[in-house]
Amino acid sequence: MQPRNMSMSGVVDLAAVKAAQEAKAKAEQTRAEAARQGGTGAVTPAELVIDVDEAGFERDVLQRSAEVPVVIDFWAEWCQPCKQLSPVLERLAVEYNGRFLLAKIDVDANQMLMQQFGVQGIPAVFAVVAGQALPLFQGAAGEQQIRQTLDQLVQVAEQRFGITGLDVDPDAQPGGGAAVEQAGPYDALLNAAAEALDAGDLAGAVQAYKNVLADDPAHPEAKLGLAQAELLQRVQGFDPQKVRQEAAEKPADVDAQIAAADLDLVGGHVEDAFGRLIETVQRTFGDDRDTVRRRLLELFEVVGPEDARVVGARRALARALF
C-alpha cells in the first residue's frame with residue numbers, strides 16, 4: 001500500500017479562529033485543574049502510547065486532543081505492514097517526549113471507528129487536534145517522512161491552537177499505580193541502537209540491530225534499522241564529487257555504480273539510485289550482476305517494501321533479470 005498524504009497541506013482547515021480559541025481555553029483549563037489537584041499532570045513515557053476502543057474514544061482521543069495532538073494508528077494483528085510501522089510510531093512517541101500522544105486502534109475490534117474515519121486500508125494514520133481530525137498517511141512509510149509529518153503536526157498544534165503537549169516524568173506513577181515496565185523484549189537493544197545513531201556511532205548501531213536479528217531474524221524494526229545504519233556507514237567516508245565522477249566515467253564499473261547509488265539514496269534520490277542499479281544489472285553478467293542485485297535488494301530494505309518506488313523497481317529488476 002502506497003504512502004499518501006505525507007504532508008500537512010490540508011491542515012489549514014483546522015485553524016479556524018473559533019476552534020483555536022476553544023482549544024487554547026481547554027488546554028489552559030486542563031493544566032489549571034491539574035494544578036488545583038496538587039499534581040503536575042505529568043505522564044510516564046509508557047503512557048504516551050495507549051490502546052483505544054470505541055467506548056473510550058471520546059475521553060482518550062477527543063478530550064485529550066485539547067491538550068496534546070493525538071496520532072491514531074489504525075492496525076490489525078494480521079496486517080504485516082502494520083507490524084513494521086507500529087513499532088516506529090511507538091518509538092517516536094517516546095522520543096518526541098509528550099509532543100504527541102499515540103492512540104492505537106485495532107480495526108477488527110472497532111469497525112465503527114474505522115468507518116467514521118473513512119479508512120480504506122491499513123495501516124492508516126490520522127491525527128486529532130482540538131477535536132478535529134485530519135489524515136496523515138496510509139500504508140507503510142519511511143521514518144524520515146514520518147518525522148517530517150509529525151514535526152509539521154506539532155508545529156501546527158502549537159502555533160495555531162496553543163497546544164504544547166504533555167509533561168513527561170519518567171518517575172511519575174501511571175494512572176496512580178505502579179510504574180509500567182516496557183513490554184517489548186528488545187526495547188533495550190533498539191534504544192541502544194537509536195542512541196548510537198544519535199551519537200554518530202554507526203558501528204555500535206549496526207551491532208545493536210544485529211543483536212536483535214540474531215534472536216529474531218524477521219524483526220521488522222531491526223531489519224529496517226540495520227539496512228539504514230549500514231547504508232550510512234558505507235557512505236561515511238565518501239568524497240561525493242569523486243564518487244559521482246567515477247560513476248560517470250566508468251558506467252561498466254560495478255563498484256563505482258554501487259557507490260553512486262548509495263550516495264543517491266542517502267541524498268533522497270530514490271528513483272535515481274534504483275534506476276542506476278537496474279541499468280547496471282542489464283549491463284552485467286555472472287557474479288557482477290549478482291553483486292548489483294544484492295545491493296539493490298538491500299536498498300529496497302532501506303526504503304521499505306511497501307513503498308511504491310520499491311514496488312516499481314522490483315518489477316523493473318525482474319524484467320532486467322529475466
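This structure has 17 salt bridges, where a salt bridge is a side-chain nitrogen of Lys or Arg within 4 Å of a carboxyl oxygen of Asp or Glu. The model is predicted, so local features need pLDDT of at least 70 and side-chain atom pairs count only at pLDDT 80 or more, while totals for chains, interfaces and linings use all residues. Residues are numbered from 1 along each chain as its sequence is written, and side-chain values use heavy atoms, with hydrogens and water left out.

Let me start with glutamate 143. Its side chain forms a salt bridge with arginine 91, at 2.7 Å from N to O. Glutamate 143 is in helix H5 (residues 143–161) and arginine 91 is in helix H3 (residues 80–95), so this pair ties together parts 52 residues apart in sequence. Helices here are DSSP runs (H or I, at least four residues), numbered from the N terminus.

Are these two residues buried or exposed? Buried means under 20% relative accessible area, exposed over 50%, and partly exposed in between, with a 1.4 Å probe and protein chains only. Glutamate 143 is buried at 14%, and arginine 91 is buried at 16%.

Next, glutamate 95 and arginine 147 also meet in a salt bridge, 2.7 Å from N to O. Glutamate 95 sits in helix H3 and arginine 147 in helix H5, so this pair too ties together parts 52 residues apart in sequence. Glutamate 95 is partly exposed at 39%, as is arginine 147 at 24%.

Which residues make up the network of salt bridges? Arg91, Glu95, Glu143, Arg147 and Glu221 are linked in it.

Key. Helix = DSSP H or I, 4+ residues; strand = E, 2+ residues; numbered from the N terminus.
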